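This report describes how parts of a protein model pack together. Please examine the sequence and the structure before reading on.

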Amino acid sequence: MATVKAIPPGGTFIDTLDKSFVDVPVNKEKDNAIATTEFLQAAESLTTLFDVMGSVAFNPVKNDIGGNIKKLRERQLAAPAESETLQDLVINELKTKKHTATEGLVWLVRGLDFTCIALSQNLATSTDELSVSFRNAYGETLKPHHSFMVKPIFSAAMSACPYRKDFYVKLGDDNSKVEAALRVWLSALENLIAILKGFLDRKEAKCEQASDEFWDDMI
């Protein structure tokens, strides 16, 4: 799992990421095929954001995303030639009558969407505390799919959000530079999420999605 790195002088948190969503290849000539390796690297890099937030209450959120990345990587390692893009990985896995990685992608997209919406809303509304933005985003993305046993775990994380003034200073000394870098990063993530949501809604990408499978193993 990725770990937080020191922010370089004059830089921002985004500069510490091993891979940015901005750098994830998307092949528009092949129906917006998304490169598997780079996407998973960028998703793993995102999890360091929860370390910056500074509360162990976010460990379940980080572990949820990490667990779904692991499912996708395991499928990629098992069939690398059939998994160069996320779309190929899903379609080829489903042909084998298996769907572990496909379920992982469904849940990973939800987790990334949750994070993207929370931060985007917080940037757009300068008076909102992080707890408000993250709680709203949770209600829009993950909460409808979580069981009554899982919801309190994530709700605890929402309540443990740092104060806005304390959070943004951890992302860099120059707030305007921090916000600009976040917006570019989040815009790239939002585009990838939109592509994957559209793909996962297609008939060829459908599977029996086991709700809370990851959490059933954790509780």
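In which helix is Tyr 138 found? In this predicted model, Tyr 138 is found in helix 6. Its relative accessibility is 3%, so Tyr 138 counts as buried, the cut-off being under 20%. Apart from its neighbours within four places in sequence, Tyr 138 is in contact with Phe 114, Lys 143, Pro 144, His 146, Lys 151, Phe 154, Ser 155 and Met 158. Between Tyr 138 and Asn 27 there are 30 Å from C-alpha to C-alpha, and the two are 111 residues apart in sequence.

Helix 6 spans residues 130–140, and its buried residues are Leu 130, Ser 131, Ser 133, Phe 134, Ala 137 and Tyr 138. Viewed down the helix axis, these buried residues fall within an arc of 165°, so they line one face of helix 6. The table lists helices that are included in what covers them.

| Covering helix | Residues |
|---|---|
| helix 2 | 48–52 |
| helix 5 | 100–124 |
| helix 7 | 151–159 |
| helix 8 | 164–168 |

In soluble globular proteins, nonpolar side chains tend to be buried together. The largest nonpolar core here has 64 residues, and Phe 21, Phe 39 and Phe 134 have the most contacts inside it. Leaving aside neighbours within four places in sequence, the residues in contact with Phe 39 include Phe 21, Val 24, Ile 34 and Leu 86.

A further pairing involves helix 1 (residues 36–46) and helix 3 (residues 59–78), whose axes come within 10 Å and cross at roughly 160°. That angle makes helix 1 roughly antiparallel to helix 3. The crossing is left-handed. Among the residues that meet there are Leu 40 and Ala 43 in helix 1, and Ile 65 and Leu 72 in helix 3.

Conventions. Residues are numbered from 1 along each chain as its sequence is written. This is a predicted model: local features need pLDDT of at least 70, side-chain atom pairs count only at pLDDT 80 or more; totals for chains, interfaces and linings use all residues. Side-chain values use heavy atoms; hydrogens and water are left out. A nonpolar core is a set of buried Ala, Val, Leu, Ile, Met, Phe, Trp, Tyr and Cys residues joined through side-chain atoms within 4.5 Å. Buried means under 20% relative accessible area, exposed over 50%, partly exposed in between (1.4 Å probe, protein chains only). Contact means heavy atoms within 4.5 Å. Helices (H or I, at least four residues) and strands (E, at least two) are DSSP runs, numbered from the N terminus. The arc is that of the directions from the helix axis to the C-beta atoms. Axes are lines fitted to C-alpha atoms, for helices over the stretch in contact, and angles run from 0 to 180 degrees between N-to-C directions. Angles under 35 degrees count as roughly parallel, over 145 as roughly antiparallel, 65 to 115 as roughly perpendicular and the rest as oblique. A crossing is left-handed if the near helix is turned anticlockwise from the far one by less than a right angle, and right-handed if clockwise.
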